[in-house]
Amino acid sequence: IALVPRVIPADYAPTYKLTYIVPEVEVKSLSDRHTAMFNFEVGRYELLRNYKSNATEFSEVDKVVNDIRNNPDFEITEFAITGYASPEASAPYNRTLSQNRANSFADYLVSKFNIDRSRFTVTGHGEDWEGLRKAVSASSLADKQAVLDIIDNISNLDARDAELMKLSGGETYRNLLNNYYPPLRRTEYVVAYSVRPFDVDEAREIIKTNPRLLGLNEMYLVAQDYPAGSAQFKEVFDIATRHYPDSDIAILNSASADIEAGNMDAAIERMNRIADNPKVWNNMGVAHALKGDLITAKEYFNKAVSDGDDDARTNLEELTKVNSK
């Protein structure tokens with residue numbers, strides 16, 4: 001009897017469509033926070049360059065501002081200045097003093113760099129009890145717990161001073177006055193600036209050196225300049241998630257790149273952060289399908305199809321072909 005060889009069909013290899021989202025072109029705005037430890041004469045708010053170590057502080061401020069002003073890619077849009085005081089004297093007095101000192105700093109920036117005063121937001125925070133509490137909490141101060149209890153339990157700011165003075169016969173207060181209060185007297189400032197758009201060639205270089213200057217759209221266009229699934233392609237999307245960790249688009253696109261690179265578990269872990277986003281359901285289906293979990297894949301594809309996702313509809317058809325073999 002002649003044996004007729006049985007033809008065994010080859011396993012069907014499905015082709016799934018991944019979802020990538022092209023980020024919108026955005027106006028890029030960055031901000032940097034700095035602290036200036038200016039010295040002031042007691043009870044005064046005039047900024048004196050040659051008073052104590054102020055010359056060093058002025059030099060640092062000038063460098064910060066000039067680094068931004070002299071960069072043709074940047075344009076300063078706003079200064080937010082906050083003055084802080086230590087707890088000596090009354091709280092209302094210190095609030096006014098910190099406001100005046102912050103205004104003095106704003107006046108300096110206006111005159112030195114010819115920046116429009118309307119770009120400034122100036123606030124006098126007053127006494128920095130929060131900063132004092134943090135410093136004391138991290139210290140080995142003998143009366144540490146007593147100081148913390150006073151800060152935590154006495155709501156009247158001026159009443160705290162009297163209680164602090166009672167500790168260890170005044171020794172603790174002198175210690176606070178000499179070693180803990182001076183760092184509280186500071187001026188914090190935030191410089192906000194816009195960043196010009198970059199073309200793909202520029203962005204390809206900038207992403208290697210200073211990626212925070214790029215928007216998500218620029219990063220996406222850089223990625224498209226590399227072969228899909230390549231190491232450079234995936235690296236760009238990883239950089240995007242590091243610099244835009246709360247962006248659903250960055251997370252989804254990076255997960256897509258993980259799937260193309262064969263890293264299904266990494267992709268699923270990323271997408272679990274935004275699992276309620278319909279845009280992620282198709283990719284969840286693809287990742288589970290490629291892991292061999294066709295039941296879960298079908299559930300995700302069906303959810304995406306119910307939301308009108310055409311790629312998921314195509315993927316569901318591919319999944320059906322696999323199940324029919």
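Between which strand and which helix is the place of Lys52? Lys52 sits in the loop that runs between strand S1 (28-36) and helix H1 (54-69).

## Basis of the model

This is a predicted model, in which local features need pLDDT of at least 70 and side-chain atom pairs count only at pLDDT 80 or more, while totals for chains, interfaces and linings use all residues. Residues are numbered from 1 along each chain as its sequence is written, and side-chain values use heavy atoms, with hydrogens and water left out.

Helices (H or I, at least four residues) and strands (E, at least two) are DSSP runs, numbered from the N terminus.

Lys52 has a phi near 50°, a positive value in a residue other than glycine. Most residues other than glycine have a negative phi. Lys52 is exposed, with 62% relative accessibility. The classes are buried (under 20% relative accessible area), exposed (over 50%) and partly exposed (in between), with a 1.4 Å probe and protein chains only.

Ser168 also has a positive phi, near 50°. Its loop joins helix H5 (157-166) and helix H6 (171-180). With a relative accessible area of 46%, Ser168 is partly exposed.

## Nonpolar cores

A nonpolar core is a set of buried Ala, Val, Leu, Ile, Met, Phe, Trp, Tyr and Cys residues joined through side-chain atoms within 4.5 Å. The largest one has 46 residues, and Val61, Phe79, Phe105, Leu109 and Tyr189 have the most contacts inside it. Helix H2 (residues 91-113) gives the most to this core, namely six residues. A second, separate core has 25 residues, among them Ile251, Ala267, Ile274 and Val280.

Contact means heavy atoms within 4.5 Å. Leaving aside residues up to four places away in sequence, Tyr189 touches residues including Asp32, Arg33, His34, Val61, Phe79 and Phe105.

## Aromatic pairs

Rings of Phe, Tyr and Trp (its six-membered ring) pair if their centres lie within 6.5 Å; planes under 30 degrees apart count as stacked, over 60 as edge-to-face and the rest as tilted. The structure holds twelve aromatic pairs. In one of them, the ring centres of Phe105 and Tyr189 are 5.2 Å apart and the planes stand at 65°, so the pair is edge-to-face. Phe105 belongs to helix H2 and Tyr189 to strand S4 (residues 187-195), so this pair ties together parts that are 84 residues apart in sequence. Phe105 is buried at 0% relative accessibility, and Tyr189 is buried at 1%. Ring pairs link Phe105 and Tyr189 with Phe38, Phe58 and Tyr108 into a cluster.

Phe233 and Phe237 form an edge-to-face pair, with 5.1 Å from centre to centre and 75° between the planes. Both lie in helix H9 (residues 231-243), four residues apart, about one turn of the helix. Phe233 is buried, with a relative accessible area of 3%, and Phe237 is buried, with a relative accessible area of 3%.

## Arginines over rings

A charge sits over a ring if NZ of Lys or CZ of Arg is within 6 Å of the ring centre and within 35 degrees of the ring normal. Arg160 lies over the face of Trp129, at 4.8 Å from the ring centre. Arg186 lies over the face of Tyr84, where the distance from the ring centre is 3.9 Å.

## Ser104

Ser104 is in helix H2 and is buried, with a relative accessible area of 14%. A polar atom of its side chain lies 2.7 Å from the backbone oxygen of Tyr45. Not counting residues up to four places away in sequence, Ser104 touches Tyr45, Glu46 and Leu47.

Conventions
A polar contact is a pair of N or O atoms within 3.5 Å; within protein, one must be able to donate a hydrogen and the other to accept it, and residues adjacent in sequence count only if both atoms are side-chain atoms.
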